[in-house]
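Please examine the sequence and the coordinates below before reading on. The account that follows begins with a single residue and then widens to the whole protein.

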Amino acid sequence: MKLGKVEFCHFLQIIALFLCLSGMNQAELSRSRSKPYFQSGRSRTKRSWVWNQFFVLEEYMGTDPLYVGKLHSDVDKGDGSIKYILSGEGASSIFIIDENTGDIHATKRLDREEQAYYTLRAQALDRLTNKPVEPESEFVIKIQDINDNEPKFLDGPYTPGVPEMSPVGTSVVQVTATDADDPTYGNSARVVYSILQGQPYFSVEPKTGIIKTALPNMDREAKDQYLLVIQAKDMVGQNGGLSGTTSVTVTLTDVNDNPPRFPRRSYQYNVPESLPVASVVARIKAADADVGPNAEMEYKIVDGDGLGVFKISVDKDTQEGIITIQKELDFEAKTSYTLRIEAANKHVDPRFQSLGPFSDMTTVKIIVEDVDEPPVFTSRLYSMVVSEAAKVGTIIGTVAAHDPDVLNSPVRYSIDRNTDLERYFNIDANSGVITTAKSLDRETNAVHNITVLAMESRKQHRQPRNPIGRGYVAITILDINDNAPEFAMEYETTVCENAQPGQVIQKISAVDKDDPPSGHQFYFSLTAEAANNQNFTLQDNKDNTASVLTRRNGFRRQEQSVFYLPIYIVDSGSPSLSSTNTLTIRVCDCDADGIAQTCNAEAYILPAGLSTGALIAILACVLTLLVLVLLIVTMKRRKKEPLIFDEERDIRENIVRYDDEGGGEEDTEAFDMAALRNLNIIRDTKTRRDVTPEIQFLSRPTFKSIPDNVIFREFIWERLKEADVDPCAPPYDSLQTYAFEGNGSVAESLSSLDSISSNSDQNYDYLSDWGPRFKRLADMYGTGPDSLYS
């Protein structure tokens with residue numbers, strides 16, 4: 001097979017667009033006239049399918065299938081014995097072939113941007129035998145592009161920045177538009193850029209899309225943002241081309257092109273002299289139109305008479321200069337200060353040095369205001385000493401304070417009694433002389449720390465506020481020998497029955513509350529009456545201790561179990577003091593090592609057969625038996641007793657109130673309500689029970705007319721005596737509640753239960769007419785023969 005002449009192919013390429021539009025694009029297959037050849041003893045026909053690519057126009061909108069081309073084999077004689085088949089991408093679904101003529105058509109609209117070409121295979125078959133008459137061969141159908149896609153900015157919109165004051169031609173950003181059309185065919189994908197909005201400040205290069213500044217000295221402080229609209233158009237910008245746009249928001253970034261400037265040439269501030277050190281005096285700020293690091297400031301005091309008194313620092317958040325105090329202010333010493341303060345940018349851009357110095361100066365005057373200050377003591381701490389033997393009124397020392405203000409008012413003194421609660425000291429209000437007010441005792445408190453208050457002596461026309469100065473006084477109490485020595489501890493001294501003469505049984509020492517400068521020295525001896533005793537002696541060890549020794553042996557507990565040895569102790573004070581201390585010595589039974597085993601002499605008089613433990617056990621058993629007997633008796637007395645019925649039963653209702661949880665309906669014992677209702681009923685003497693009181697039903701007596709107040713007083717008095725003499729009353733205060741309402745009225749009881757005995761004229765026969773529900777009442781109160789009480 002072979003294609004037509006080469007010149008024909010070239011001609012097809014020239015008129016390809018015209019042929020696509022007219023649907024007449026064809027490719028013919030011709031049978032090669034080359035003869036068959038043989039290889040490896042086997043006959044084979046030389047391949048005769050030869051063609052170029054087929055082209056088909058995209059986006060065909062016609063109603064009929066679009067003609068693509070024609071396949072033809074030289075074997076085909078036109079008698080219908082050859083049929084053509086098509087396989088591969090899109091065969092039968094997109095591309096169909098006329099099996100008789102070999103004409104290929106496209107049945108669907110094609111889009112090059114979805115798929116640029118299709119690879120198919122063609123074969124010619126004998127219609128009768130269905131065997132190939134030509135070898136299968138592959139060919140390509142390429143989709144011809146048309147300009148159906150506009151350029152698009154895939155990265156837009158853009159938000160670039162460019163420094164302010166940039167020169168003309170400074171690159172800002174490059175924008176890029178993408179066209180989906182075929183860049184290798186025609187101008188459908190050739191894009192040019194233009195600026196629709198943003199002139200004359202910016203420009204764009206048509207081919208590259210680079211946006212540049214078009215004006216010099218654009219100032220951020222005047223306008224910091226510009227909105228640009230950039231257009232990209234294909235077909236090299238010619239008419240008929242498609243276009244797309246994007247927005248570019250250009251922000252001018254700050255540069256340090258504005259020097260700082262103070263709004264005022266001078267400032268003045270008033271501060272009180274009492275303002276503490278490190279307090280803020282003032283805040284000043286130099287204005288700078290720049291932002292961020294370009295507006296960061298440095299402040300310093302360059303001149304003035306307050307260089308050592310004040311300092312200035314910068315607030316990193318507000319870029320303010322903060323003036324603070326370094327030393328205490330004193331109106332009496334200096335009333336004003338003048339400072340020369342410089343503000344400068346921390347980061348200076350050399351390119352803009354010509355705009356002027358990037359610093360500024362201002363003057364700050366600080367006026368010190370006078371404050372009524374408290375009096376000042378001549379010393380922060382006064383140290384004084386006084387003997388504990390000092391009499392009341394003894395002068396200890398003097399404190400002094402003065403008014404630091406210009407008026408230099410007189411000062412009055414007093415003692416802060418919170419520091420001298422016992423009021424040991426007084427102070428003269430005018431002179432500041434401190435004296436004793438009570439006798440002092442070093443052993444109670446060796447050092448007194450008191451606070452002296454000083455305030456100005458003001459006249460009535462002065463302001464009421466009176467500041468107070470404080471001075472601190474430490475008064476040390478000097479010791480005198482006013483305490484006698486005594487034993488260092490309570491000694492528990494024992495001597496063994498088998499002790500030998502001259503044996504040391506106790507070593508003693510002494511203490512003294514006094515504190516002599518040279519230390520303590522104690523002397524020990526026996527008192528005159530004990531010096532010649534035959535049992536013990538005392539040896540002074542000359543080291544503030546003494547030893548107690550035995551003089552004999554044969555100590556016996558049965559004869560004497562305890563000895564009392566008086567010891568005389570003298571200190572070395574001037575004058576010396578002494579005391580007599582008694583040492584208690586117990587005689588004990590000791591083991592072979594001299595360790596006391598028992599020191600009780602009573603052990604010898606106990607019965608031989610009973611020890612102390614046995615006696616304790618017997619006593620415990622007896623106590624247990626007594627407790628059991630008491631419990632049994634108590635339980636028997638708490639048993640319930642039957643109700644006491646009087647001869648004549650009270651038929652009135654009785655409301656019984658229980659304050660304990662009883663036994664339910666079976667528990668009918670309660671307080672005698674009749675006894676609570678009147679005084680004149682004869683009562684049986686019965687033991688009162690708090691848990692299960694009794695109820696007695698008594699007949700209604702006849703009452704005498706007695707004044708109400710007398711009745712109630714007598715009633716309460718009787719109940720009080722009854723509670724006092726009752727042996728079974730609880731051993732604690734209890735609340736007795738009575739329902740006594742006084743003697744009965746002339747009308748006596750109003751109970752319906754007692755109405756059957758009255759001579760009432762009321763007729764209840766009409767109850768019989770009310771129906772069966774009232775039959776019971778009619779029987780009880782009616783006058784008929786069938787009534788219940790007739």
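Leaving aside its neighbours within four places in sequence, with which residues is threonine 213 in contact? The partners are Val162, Pro167, Val168, Gly169, Thr170, Val172, Tyr201, Phe202 and Met218, where contact means heavy atoms within 4.5 Å. The model is a predicted one, in which local features need pLDDT of at least 70 and side-chain atom pairs count only at pLDDT 80 or more, while totals for chains, interfaces and linings use all residues. Residues are numbered from 1 along each chain as its sequence is written, and side-chain values use heavy atoms, with hydrogens and water left out.

Threonine 213 lies in strand S14. Its relative accessible area is 2%, so the residue is classed as buried (under 20% relative accessible area, with exposed over 50% and partly exposed in between, for a 1.4 Å probe and protein chains only). One of its contacts, valine 172, is 41 residues away in sequence, yet the two C-alpha atoms are 7.0 Å apart in space. The side chain of threonine 213 also reaches the backbone oxygen of proline 167 at 2.8 Å.

The strand that holds threonine 213 belongs to an open sheet of three strands in the order S11-S14-S13, with antiparallel pairing. Strands here are DSSP runs of E with at least two residues, helices are runs of H or I with at least four, and both are numbered from the N terminus; two strands pair if DSSP finds at least two bridges between them. Strands S11 (171-174) and S13 (202-204) each have a single partner strand and stand at the edges, so one side of each is left without a neighbour in the sheet. From one strand to the next, the twist averages 20°, with axes fitted as lines to C-alpha atoms and angles running from 0 to 180 degrees between N-to-C directions. Three bridges join S13 to S14 (residues 210-213) in the antiparallel sense, and valine 204 stands opposite isoleucine 211 in S14.

Consider now the protein as a whole. It contains six helices and 41 strands, and 35% of its 790 residues are buried. Of the contacts with a separation of 6 or more, 67% are between residues 24 or more positions apart.

The pLDDT, the predictor's confidence in each residue from 0 to 100, averages 79 over the protein, and 76% of the residues score at least 70. Residues 679-706 stay under 50, and for them the model has 76 contacts beyond four places in sequence.

Methods
A polar contact is a pair of N or O atoms within 3.5 Å; within protein, one must be able to donate a hydrogen and the other to accept it, and residues adjacent in sequence count only if both atoms are side-chain atoms.
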